[in-house]
Amino acid sequence: MADQETLLNLAADEAAVAAFLVGCGGRLVRDEADPAAYWLAVRPGSATHETYYVKVTWSVYPGQAPSVKFADGIGGPVTSTRAWPVIPGYRPTSFDICKPFTAEGFALHQEWQAGPDAWPTEGNPFLWVVEMLQYDLDNSYAGRAA
Amino acid sequence: MAIQEEAGTARPVRLITVQVSFPVSVKGPYRAQVPPQDTISSVRLAAMGHFEVSDGADYAYVLTHGGRDVPDAETVEQVAGEKDLVEFRLVKKVVQG
C-alpha cells in the first residue's frame, strides 16, 4: 500500500489528468480498493469506437514509475492479450510496455535508471505518463491485439 | 504591432500566440508570439530550450496539437487557421522498446 505522501501527491495531480482524458474522449477512475491505483478509459484518435482500459498503479509518487497494464474493463483482470493495443513497445503477450515510463520497462532496462531516460520527478509525472499513452494511441496505433 | 508602408499608412502584422505545455517541468508553459509563417520546428526548438530538454539517440521531442503529431515543416498558420492562439503539447517520442 502506498504511503500518505504518495496519496496526497496523487490527489494534487489527478485533476489535470482527468481533464486531459476528458478532452481526448476518455476518463479517469480511482480504484475502489487501492487509492494509489487508477483506471483509464482511452480511445485511439483513429478508432474512437475502440475503448481501452488501463490500470495505472503507483507505489511511490512522484518518485517511481507506475505499473501500467491493460484490462478488459475497469476493475477487470490484467491478463488478457485482447485488452492490449498493437503499438511498438507494447507487449500484449508479456503484459507490459517496454518504454521508460513504466515500472515494467525500468525493471527490464536497468540502464534507464540514469541519464536521459531516467524517471522524471518534477511537475506532474502522472499527466506525463497519460499523455505518452494517449500519444501512442493517437500516432502509433495499429489495431487490437489478437 | 504594425509596419509602415511606403504610403505612410500603418498595416497590421498578424502574430499568432503559441503556447506549449510540458508536464514534467517546474516551469510554466512556453508562450510566444510568432509570425504565421514560422515553422513548427522553430516553435518546437524554442519550447525545448525553455524546458531545458534535448533530443537523444532513442527519443525525440515532438509537438502535438489535438492529439496529432505535427510535422516540423508545417507552419504555425497551417495549424492555427484563423485562430490567434494555438496550443501544443511537447511529448517525448520514445522509439525503443
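Colleague: How many residues of chain A are in contact with chain B in this predicted model?
Modeller: The model is predicted. On its side of the contact, chain B contributes 14 residues. The side of chain A that touches chain B includes 11 nonpolar, six polar and four charged residues. The number of chain A residues in contact with chain B is 21.

Colleague: How many of the 15 residues of α3(A) are buried?
Modeller: Helix α3 of chain A covers residues 125–139 and reaches 21 Å from its first C-alpha to its last, close to the 21 Å expected. A residue counts as buried if 20 or more other C-beta atoms lie within 10 Å of its own. The helix α3(A) is largely enclosed by the rest of the structure, because the number of its 15 residues that are buried is 14.

Colleague: Which strands stand at the edges of the five-strand sheet in chain B?
Modeller: The sheet is open, with mixed pairing and the order β4-β3-β7-β5-β6. Each edge strand has a single partner strand, so one side of it is left without a neighbour in the sheet. The strands at the edges are β4 and β6 of chain B.

Colleague: What angle does the direction of α3(A) make with that of β7(B)?
Modeller: Although it belongs to chain A, α3(A) packs on the sheet and touches β5, β6 and β7 of chain B. Helix α1(B) packs on the sheet as well, touching β3, β4, β5 and β7 of chain B, and its direction makes about 145° with that of β4(B). For α3(A) and β7(B), the angle is about 90°.

Colleague: Which residue is the bridge partner of B:Val20 in β7(B)?
Modeller: Strands of a sheet pair through backbone hydrogen bonds, either parallel or antiparallel. Strand β3(B) pairs with β4(B) in the antiparallel sense over five bridges, and there the partner of B:Val20 is B:Tyr30. Five bridges also join β3(B) to β7(B), and these two run parallel. In β7(B), the bridge partner of B:Val20 is B:Phe88.

Colleague: Which residue in β6(B) stands opposite B:His65?
Modeller: Strands β5(B) and β6(B) pair in the antiparallel sense. That pairing has two bridges. Opposite B:His65 stands B:Arg68.

Colleague: Which peptide bond of chain A is cis, with omega near 10°?
Modeller: Most residues other than glycine have a negative phi, and most peptide bonds are trans. The cis bond runs from A:Tyr61 to A:Pro62.

Colleague: What is the phi of A:Phe95?
Modeller: A:Phe95 sits in the loop between β5 and β6 of chain A. With 19 other C-beta atoms within 10 Å, A:Phe95 is partly exposed. Its phi is positive although it is not a glycine, at about 55°.

Colleague: How far apart in space are A:Gly76 and A:Val54, C-alpha to C-alpha?
Modeller: A:Gly76 lies in the loop between β4 and β5 of chain A and is partly exposed, with 14 other C-beta atoms within 10 Å. Leaving aside neighbours within four places in sequence, A:Gly76 is in contact with A:Tyr53 and A:Ala71. A:Gly76 and A:Val54 are 22 residues apart in sequence, and their distance in space is 9.8 Å.

Methods: Residues are numbered from 1 along each chain as its sequence is written. Chains are lettered from A and ligands numbered from 1 in the order in which they are written. This is a predicted model: local features need pLDDT of at least 70, side-chain atom pairs count only at pLDDT 80 or more; totals for chains, interfaces and linings use all residues. Helices (H or I, at least four residues) and strands (E, at least two) are DSSP runs, numbered from the N terminus. A residue is buried if 20 or more other C-beta atoms lie within 10 Å of its own, exposed if 12 or fewer, and partly exposed in between; C-beta atoms are placed from the backbone. The expected span of a helix is 1.5 Å times one less than its number of residues. Two residues are in contact if their C-beta atoms, placed from the backbone, lie within 7 Å. Ala, Val, Leu, Ile, Met, Phe, Trp, Tyr, Cys and Pro count as nonpolar, Asp, Glu, Lys and Arg as charged, and the others, Gly among them, as polar. Two strands pair if DSSP finds at least two bridges between them. Axes are lines fitted to C-alpha atoms, for helices over the stretch in contact, and angles run from 0 to 180 degrees between N-to-C directions.
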